[in-house]
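The entries follow in the order I checked them.

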Amino acid sequence: MTTPPRLPAVRAAATGFIAVIAALGMGHLVAGLLLLPSASPFFAVGNAFIDRTPTSVKNFAVENFGTNDKPALLIGMAVVLALVGMGIGLTSRRSAVPGMIAVVIVGIVGALAVHEQSTGSSSLLAPAASLVAGVGTFLGLHRLAQPRVTTVEPGADQPPVGSLGRRRFVLGSVVAALGALVAGAGGFALARRVDVTASRRGIGELIPTTPAPPIPPGAAFPELGTPPFITPAADFYRIDINLEVPQLRAEDATLRITGMVDTPIELTFDDIRSMPLVEKTITMTCVSNEVGGPYVSTANFIGVPLLDLLDRAGVQGDAQQLVGHSADGFTLGTPLDLLRATGRDAMLAIGMNREALLPEHGFPMRTVVPGLYGYVSATKWVNELELATYDVKPYWVERGWDGQPPGVVPIKISSRIDSPSSFQQVPGGEITVAGTAWAQGRGISRVEVRFDKEDWRPAELATEVNPYTWRMFRLTTTLAPGQHTVTCRAYDGANVMQVQDRLRLINPGPVPDGSTGWQSIVFTVA
Ligand SMILES: Nc1nc2c(c(=O)[nH]1)N[C@H]1C(S)=C(S)[C@@H](COP(=O)(O)O)O[C@H]1N2
Ligand SMILES: [Mo]
């Protein structure tokens, strides 16, 4: 008995690698067929990873995995999986058994992630198909990868050893890899069958019964570098826990009001759309925004007052928070006292800037509570509003964040220099500093600007729109050529000054705590 020849290392590695891609492609295809993107093992593992981000870096996770682009995580996962695949191949140069066991283990990890991330037992069909594709591809390629031992008569023309075997292996690998890519792409296409675009288009322009007052001229200085007063929906900052934007149709959407209420109610999107719609100009902010950061935007939100909806259901006296449940599995809790303090300004929104919400901002419905950070106020893709005590722990509270007063604070006074930008070289002569300040709920009454170690000077404020919105400022001066530092600080409507001390996101004390500190920019005058 001779032992079978060892597989060449490259073929072994390729075998494992392609088996892994085949498994992922098939999983994605079946998830697409099922219309359950979260059943795709690749996304499920990514989301499970986000869920397990340790406490110390969760703020990092919110900021970086929460924004529009999550390539870092997805690319990192792809690289790790490629290496795992190659490793699996290399353990199986003599026999296919170790690799098969490894493929099955990877498959089980994927299935567990899907089980955790996706509801319904049918979602497990995706990892099951993945496993079958992975094992099948691995065994098939492993067989093709065996070098053929050809006995050649002495003196005869020899084909290069293994050339026939190599051709068959290369062909098999290419077919398997292409199949995997086509399956994966098919999965993406199928998941799009939920035609959100058509559903949004069907809604058309949203005209409020009670429009917001028009934005007065002079409310922003975009020509000087501030953002426009109203942020176009496509530029509105985005923060959420998802790798894939939930794809929901308005036609299928319902909102239930449950928990500590006299009569639970259920409303369809159409029910809500046909109520009198109000429009409010509101500036939203994320608690994870650093000093000078971009997670602040303003829109004309259109919807119905949340408190009107709650009145219909009848909130019981001992309820403490309103817990929003979302189609992505996310939950957040708004303290009822803080919600009530906003009167009829808090809303269940179905539109932004006269259009249906964009999918990434919660289409078809979300909540907006002015004056509070997003993580305690702004449930996107909301499908249930539950009245509860603080015993119910929403998503971030479960992960160690504060969910009730006094830990839940109103948005802190902040100001940001939009122009000049850091290390910008500005022409000599007159220079203008322009920026944005916000303290939703109290409004901004004053902004001061300081150059180098000079005295503070009052900046000119843009016209106030309402206390729930940001307020732009500007100041023009002449400076000597050379390097300068400009600093700004704002005061709220009660004349309270913005806190000077830098509070970074990761710090002792309540978590999360919005950032504080005065922003300084260094620039050069030519
Ligand atoms: N369903 C859902 N809603 C959510 C979140 C989320 O992860 N999932 N994140 C919250 C956070 S932390 C913020 S700051 C706001 C951001 O809303 P935007 O992306 O529309 O700006 O959404 C909130 N609502
Ligand atoms: Mo946030």
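Entry one, the sheet. I'm working from a predicted model. I began with strand E14, residues 444–451, and found it pairs with E15 in the antiparallel sense, over two bridges. I then looked for who faces whom: Val-449 stands opposite Arg-457 in E15.

I noted a reminder for myself: strands of a sheet pair through backbone hydrogen bonds, and they can do so parallel or antiparallel.

Next I traced the whole sheet. Its five strands run in the order E12-E19-E18-E14-E15; the sheet is open and the pairing is mixed. Which strands stand at the edges? I got E12 (425–426) and E15 (457–458). Each has a single partner strand, so one side of each is left without a neighbour in the sheet.

Entry two, ligand 1. I asked which residues come nearest to the ligand. There are 19 residues around ligand 1, and the nearest are Tyr-237, His-361, Arg-366, Ala-378 and Lys-380.

Then I went through some polar contacts. The side chain of His-361 has an N or O atom 2.7 Å from an oxygen atom of ligand 1. At Ala-378 it's the backbone that takes part: one of its N or O atoms lies 2.8 Å from a nitrogen atom of the ligand. Ile-241 also uses a polar backbone atom, 3.0 Å from an oxygen atom of ligand 1.

Note on methods:
Residues are numbered from 1 along each chain as its sequence is written. Chains are lettered from A and ligands numbered from 1 in the order in which they are written. This is a predicted model: local features need pLDDT of at least 70, side-chain atom pairs count only at pLDDT 80 or more; totals for chains, interfaces and linings use all residues. Side-chain values use heavy atoms; hydrogens and water are left out. A residue is near a molecule or strand if one of its heavy atoms lies within 4 Å of it. A polar contact is a pair of N or O atoms within 3.5 Å; within protein, one must be able to donate a hydrogen and the other to accept it, and residues adjacent in sequence count only if both atoms are side-chain atoms. Two strands pair if DSSP finds at least two bridges between them. Helices (H or I, at least four residues) and strands (E, at least two) are DSSP runs, numbered from the N terminus.
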